[in-house]
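Subject: Structure handover

Hello,

Here is the structure I said I would pass on. Please open it beside this email, and my notes follow below.

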Amino acid sequence: MKIFEYLDRIGKMHKLVQRRRTGTPEEFARQLGVSRTSLYELIDELRSRGAPISYSKAAKTYYYTEPFDISVTCSLRPMTYLEEKQVSGGNIFDKILFFRMLSTEIRGTVFQC
């Protein structure tokens with residue numbers, strides 16, 4: 001899933017910047033598995049959220065100009081009946097019909113591997 005890949009990438013990026021082990025922008029992008037343009041977009045995103053990231057041409061690495069930390073948490077669990085009712089506006093039968101229709105469509109589908 002894309003969100004988990006993004007969070008993993010941000011975590012790896014943070015560790016490399018913290019340790020001053022990013023290398024040049026090209027090397028850093030390669031380590032993260034993204035293009036150089038995508039790397040710059042990630043850096044801009046972090047900067048817009050307050051990350052004090054700079055680049056040292058002499059050391060050939062990105063670094064934080066002051067102490068900075070990134071903390072992301074995610075919790076996955078089944079919803080309770082009451083939570084499900086609140087989210088669906090009290091009408092959980094629409095979801096049941098949707099999943100029945102979806103399973104019917106999937107049954108007739110052939111997936112290429």
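In these notes, Ala, Val, Leu, Ile, Met, Phe, Trp, Tyr, Cys and Pro count as nonpolar, Asp, Glu, Lys and Arg count as charged, and the others, Gly among them, count as polar. Keep in mind that this is a predicted model.

The largest pocket

By that grouping, the lining of the largest pocket divides into 8 nonpolar, 1 polar and 3 charged residues. The space in this pocket is about 200 Å³. Its lining is made up of Tyr6, Leu7, Ile10, Glu45, Leu46, Arg49, Ala51, Phe68, Asp69, Ile70, Ser71 and Val72. Two elements give two or more residues to that lining, namely helix H1 (2-19) and helix H3 (36-48). H1 gives the most, with 3 residues.

Helix H1

H1 has 18 residues, which at 1.5 Å a residue should span 26 Å; its end C-alpha atoms are 26 Å apart, so the two values agree. Ile10, Met13, His14, Leu16 and Val17 are buried in H1. Among the elements that cover these buried residues are H2, H3 and E2. After H1 comes Arg20, with a positive phi near 55°.

Helix H2

Which residues of H2 are buried? They are Pro25, Phe28, Ala29 and Leu32. These residues lie on the same side of H2, because they cover an arc of only 100° around the axis. Their cover includes H1, H3, E1 and E2. Just after H2, Gly33 has a positive phi of about 75°.

Helix H3

The same check of length works for H3: its 13 residues should span 18 Å at 1.5 Å a residue, and its end C-alpha atoms are 18 Å apart, which agrees. The buried residues here are Leu39, Leu42, Ile43 and Leu46. They cover an arc of only 100° around the axis, so they sit on the same side of H3. On the face turned away from that buried side are the exposed residues Thr37, Glu41 and Ser48. The buried residues of H3 are covered by elements including H1, helix H2 (25-32), strand E1 (53-56) and strand E2 (61-64). Just after H3, Gly50 takes a positive phi of about 100°.

Regards

Conventions
Residues numbered from 1 in each chain as written. Predicted model: local features only at pLDDT ≥ 70, side-chain atom pairs only at ≥ 80, totals over all residues. Heavy atoms only, no water. 1 Å grid on protein atoms, 1.4 Å probe; cavity = no way out; pocket = protein on both sides within 12 Å on 5 of 7 lines; lining within 4 Å. Points joined across faces, edges and corners; volume = space filled by probe spheres on them. Helix = DSSP H or I, 4+ residues; strand = E, 2+ residues; numbered from the N terminus. Expected span 1.5 Å × (residues − 1). Buried < 20%, exposed > 50% of the residue type's maximum accessible area, 1.4 Å probe, protein only. Arc of directions from axis to C-beta. Contact = heavy atoms within 4.5 Å.
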